[in-house]
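Please have the model open as you read.

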Amino acid sequence: MLRSVAALTRLPSSLPSLGRPDNLPPASLAAAAEALTSARLHRYQHDDPAASRVAQLEVAFAALARRRYCCAVNSCGSAMFLALRALEVPQGAPVLVNAHTLTPVPSAIVHAGARPVLVEADAMGLADLGDLETKMKSSGAAFLLLSHMRGRVCDMDEVVRLCGEHGVLLIEDCAHALGSTWAGRPCGEFGAVAVFSCQTNKLINGGEGGLLVTDMEEVAARTILMSGSYGHWVTFHPLLPPRELMDSLHDTTPNFSMRMSELTAAVVTPQLAMLDAKVAKLNRVYRQLEAGIGEIDGVSVPPRLSKEGLVGSSLQFELGAELAGLSEATCQEFLDEMQVRGVKVAWFGRGQWLGFTSTFRHWQYIEGGEALPKTEQMQRFLIDVPLYHTLTWNRSTSDRVCDVIKAALSKVFGSTTTQ
Ligand SMILES: *Cc1c(COP(=O)(O)O)cnc(C)c1O
């Protein structure tokens, strides 16, 4: 019975499923087993606070991110919400956010009681800095939640300059940008606050999980309290602002129960040491695939800025206007033809949301949404290939993915392609 179900769901080609998570390292399995055996799965349950795996993760991650404070929570969405609340964003206040991102990002702004103001994307999928400056002036926003979407990094010198000039506080959404750099500086070091994700489809796999880092004492204090520490439990946090500050904020700060579980931290922490090796492998895969796609007529990989330090955890390519009969319908056919050949990819500009791909047009919970023609144009035929799980990738995988792209192009668009 089981066998026949497996046979039915097997991909027609022997290509690895691109979205399959890598195996977890033995150290994660061992730490998780230890946590389960101890049954102390709540971070504040240990007799010795230093024994908490969440506490250990916070210390390790703060060092990695080169920030003073780190608070681990249950998702990056929660971390964004807490960042906005800890920065005391007023109710109803405008918060700038780049429109080429995922729905949890503007949703976190709504969750915090503020109002997302969407900023256009440029042709590379980066925040359009001209539109950003225009909207800094017109919206009067005092906050920018900048998503390094798919690990693509925009000109951070310019973002920091614009924020300074217009009195805007920067929060970096590094959910998909762990390890990415700008001019040698890690993403997450530019903003007043930065947040990271440990959701399975990101660079470190904790199932779910979020990490907030900052150097600001009061922001750290509020985040720790709001994340779900009570009373003396704040002393279980290894990176704790002065106790007088914690005490002075305690009674006026709500507790939103967004703690990270010990089990998550057990799985995540050992993966931090593997990050450099993983990024090196991802980048080899990215460059192989980018070169391969570069040889195919009718598709192209949008360039990246030269000061960006790459983390090739996903690759985007777009279908070119020169493809005969290119439309939403034929783009869907192209994706179907790829899937039939064993390569499942996502499409940012899809008219109907599917999985994580939804465009700003689907975020009708945002009031006063205006037209964003540049973002729409950029996303229209933009395809996303997940690479973050690289266990089974090698050069021949890249070649075969390119063969699948060529075959699907040829089938749907005919003679305009090289096949
Ligand atoms: C995944 C992702 C998020 C959401 O992270 P969660 O941990 O799932 O809440 C936010 N922003 C970006 C850019 C992401 O890729």
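1. Let me begin with the largest cavity, which is lined by His 100, Met 124, Gly 125, Met 149, Arg 150, Arg 152, Pro 302, Gln 316, Met 378 and Leu 382. On a 1 Å grid over the protein atoms alone, a cavity is a set of points where a 1.4 Å probe fits but cannot get out, and lining residues have an atom within 4 Å of a point. The largest cavity has a volume of about 50 Å³, a volume being the space filled by probe spheres set on the points, with grid points joined across faces, edges and corners. The structure holds three cavities of 30 Å³ or more.

2. A word on the basis of all this. This is a predicted model, in which local features need pLDDT of at least 70 and side-chain atom pairs count only at pLDDT 80 or more, while totals for chains, interfaces and linings use all residues. Residues are numbered from 1 along each chain as its sequence is written, and side-chain values use heavy atoms, with hydrogens and water left out.

3. By class, the lining of the largest cavity divides into five nonpolar, three polar and two charged residues. Here Ala, Val, Leu, Ile, Met, Phe, Trp, Tyr, Cys and Pro count as nonpolar, Asp, Glu, Lys and Arg as charged, and the others, Gly among them, as polar.

4. Now for the pockets, a pocket being an open set of grid points with protein on both sides within 12 Å along at least five of seven lines. The largest pocket has a volume of about 550 Å³. Its lining has 24 residues, and Lys 344, Val 345, Ala 346, Phe 356 and Pro 386 lie nearest its centre. Two or more lining residues come from each of α12 (328–340), β13 (346–347) and β14 (382–386); α12 gives the most, with four. Helices (H or I, at least four residues) and strands (E, at least two) are DSSP runs, numbered from the N terminus. The lining of the largest pocket comprises 12 nonpolar, eight polar and four charged residues.

5. Which pocket does the ligand sit in? The ligand sits in the second largest pocket, where to sit in a pocket is to have more than half of its atoms within 2 Å of the grid points. The second largest pocket has a volume of about 360 Å³ and is lined by 22 residues, with Leu 102, Pro 104, Ala 175, Gln 199 and Lys 202 nearest its centre. Nine of the lining residues are nonpolar, nine polar and four charged.

6. Around the ligand there are 15 residues, the closest being Cys 76, Gly 77, Asp 173, Ser 197 and Lys 202; a residue is near a molecule if one of its heavy atoms lies within 4 Å of it. The helices α4 (76–86) and α5 (104–111) each supply at least two residues of this shell, and α4 gives the most, with three. The shell holds six nonpolar, seven polar and two charged residues.

7. Finally, please look at the polar contacts (pairs of N or O atoms within 3.5 Å). Oxygen atoms of the ligand lie 2.9 Å from a backbone N or O atom of Cys 76, 2.8 Å from one of Gly 77 and 2.7 Å from a side-chain N or O atom of Lys 202. The protein covers 91% of the 390 Å² of accessible area that the ligand has on its own, by the Shrake-Rupley method with a 1.4 Å probe.

Conventions: A polar contact is a pair of N or O atoms within 3.5 Å; within protein, one must be able to donate a hydrogen and the other to accept it, and residues adjacent in sequence count only if both atoms are side-chain atoms.
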